[in-house]
Amino acid sequence: MKTPEERGRVVRPGGVIGILGGGQLGRMMALAGRHMGYRFLTLDPQPDSPCGQVCDDQITAAYHDVDAAEALARRCDVITYEFENVDVAVTQVLERTAWVPQGSRLLWTTRHRVREKRAVEAAGAKVAAYRPVRTRDDLERAIADIHLPAILKTSTGGYDGKGQWRVDTVADVDAVWAEAVRVAKASGSADSVADPDADAPLILERVVDFVCELSVIVARSVRGEVRAFPPAENIHRHHILHMSVVPARVPAAVQQRAQALAMQIAESLDAVGLLAVEMFYGRDGELYVNELAPRPHNSGHYTLDACETSQFEQHIRAICNLPLGGVRLWSPVVMVNILGEHLDAVVARAADLPPMVKVHIYGKAEARPGRKMGHLNVLAPSVSEAIHLVDGLGIWEPVE
Ligand code: AMP
């Protein structure tokens with residue numbers, strides 16, 4: 001909880017914002033904040049990082065380098081982070097000497113799937129049935145409890161479908177267990193802050209039978225104001241986000257429930273800044289929260305061109321303690337990710353893309369397959385027309 005003095009702390013335009021991490025999320029944060037008159041400094045191991053390119057300066061150092069992080073903090077009025085793999089211990093050190101309105105607690109909570117699910121449940125939201133798994137016996141008991149099909153996931157370090165294995169029948173268990181133990185050992189616990197209640201390296205989750213996947217980006221400011229953007233319907237390919245469709249093609253009442261749920265979670269977790277809440281809209285009509293991310297999120301990129309306020313501007317407003325911006329959607333929109341394999345085709349077509357296609361490129365030096373290089377926001381009178389337009393470009397496999 002913030003003290004009354006902290007709740008009144010405002011970082012005014014002209015102030016310097018330090019970003020731990022130099023990827024595209026930091027880049028878009030800095031671009032939004034520059035419009036508002038802020039200066040930016042980033043810390044990233046990669047020189048000329050996507051964020052560094054648009055900042056006043058970059059400190060090139062490892063994420064766990066405490067001295068470098070302290071040097072960054074000495075030059076800044078407020079510190080934020082752009083991805084959750086920044087070292088929790090570094091954030092804890094900075095919290096004592098600098099202004100880190102987001103704190104380190106939520107970062108720590110969301111870094112571990114068991115901790116995260118407990119926090120979501122404590123906020124009064126549903127999650128898929130799960131069991132922490134430490135041993136092979138635990139796994140057998142977990143299967144007996146929650147039934148198959150299920151998904152075994154590493155508790156930390158998984159992303160884009162890495163570190164998870166589907167278990168459809170008991171015949172899968174031996175192979176999955178061997179592989180999961182190997183990967184969990186190799187990734188280890190990324191935390192320097194142990195938690196005896198939630199130290200299981202693996203977690204078994206029931207497979208949710210869902211209609212679609214939704215996400216809501218919610219912002220909460222230092223003074224406690226909360227606003228949620230319209231939910232995005234997310235379509236994944238090869239475990240990487242392919243497309244976000246807004247408005248989501250679910251009943252309005254479900255959209256409102258999703259927004260209310262995200263706000264409830266942000267308040268319960270005492271979040272400051274942005275929180276992305278990913279959920280499944282189950283065939284049983286329930287919303288099951290899958291994952292939280294305490295930062296701007298790929299599924300919120302549509303806000304850059306289709307909303308009254310972008311998620312990035314909203315994040316700056318939240319941490320600087322300005323009033324939050326409006327979250328109205330101006331137009332139906334579809335966001336499509338440009339991965340390494342799509343970049344050349346998008347650039348080649350740049351001169352003949354229709355005007356309602358907004359191109360965002362992140363300035364990464366190397367275009368590897370599967371790497372997020374940019375995105376398109378396609379505005380149209382309806383989401384089906386936007387999807388049709390994307391299909392017509394012939395760059396991505398059609399969605400429908
Ligand atoms: P995650 O890494 O937890 O975000 O999972 C990646 C993707 O796997 C999700 O976006 C879903 O498509 C799928 N998935 C993960 N967990 C479940 C679950 N419990 N039930 C159904 N699908 C899931």
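Of the 14 residues around the ligand, those that come nearest are Lys153, Gln164, Arg206, Val208 and Glu213, where a residue counts as near if one of its heavy atoms lies within 4 Å of the molecule. The model is a predicted one, in which local features need pLDDT of at least 70 and side-chain atom pairs count only at pLDDT 80 or more, while totals for chains, interfaces and linings use all residues. Residues are numbered from 1 along each chain as its sequence is written, and side-chain values use heavy atoms, with hydrogens and water left out.

**The ligand and its shell**

| Residue | Distance from a side-chain N or O atom to a ligand oxygen atom |
|---|---|
| Lys153 | 2.8 Å |
| Glu213 | 2.6 Å |
| Asn290 | 3.1 Å |

Taken alone, the ligand exposes 480 Å², of which the protein buries 89%; these accessible areas come from the Shrake-Rupley method with a 1.4 Å probe, and for residues only the protein chains shown count as cover. Two or more residues of the shell come from each of S6, strand S8 (202–206), strand S9 (210–220) and strand S14 (287–293), with helices (H or I, at least four residues) and strands (E, at least two) taken as DSSP runs numbered from the N terminus. By residue class, the shell divides into five nonpolar, three polar and six charged residues; Ala, Val, Leu, Ile, Met, Phe, Trp, Tyr, Cys and Pro count as nonpolar, Asp, Glu, Lys and Arg as charged, and the others, Gly among them, as polar.

**Backbone features in loops**

The loop between helix H7 (136–146) and strand S6 (150–154) contains Pro149, which is joined to Leu148 by a cis peptide bond with omega of about 0°. His147 is found in the loop between H7 and S6 as well, and its phi is near 70°, a positive value in a residue other than glycine. With a relative accessibility of 49%, His147 counts as partly exposed, a class that lies between buried (under 20% relative accessible area) and exposed (over 50%), computed with a 1.4 Å probe and protein chains only.

His238, in the loop between strand S11 (232–237) and S12, has a positive phi of about 50° although it is not a glycine, and at 76% relative accessibility His238 counts as exposed. A cis peptide bond, with omega near 0°, runs from Val246 to Pro247, and Pro247 is placed in the loop between strand S12 (240–246) and helix H9 (252–268).

Ala271 sits in the loop between H9 and strand S13 (273–282) and is buried, with a relative accessible area of 2%. Leaving aside residues up to four places away in sequence, Ala271 touches Leu106, Arg220 and Ala266, contact meaning heavy atoms within 4.5 Å.

**Cysteines**

With a disulfide defined as a pair of cysteine sulfur atoms within 2.5 Å, the count comes to zero. Cys76 is in no disulfide, and the nearest cysteine sulfur, that of Cys55, is 9.3 Å away; at 13% relative accessibility, Cys76 counts as buried. The sulfur of Cys212 is 18 Å from the closest cysteine sulfur, in Cys307, and is therefore too far for a bond, while Cys212 is buried, with a relative accessible area of 9%.

Methods: A polar contact is a pair of N or O atoms within 3.5 Å; within protein, one must be able to donate a hydrogen and the other to accept it, and residues adjacent in sequence count only if both atoms are side-chain atoms.
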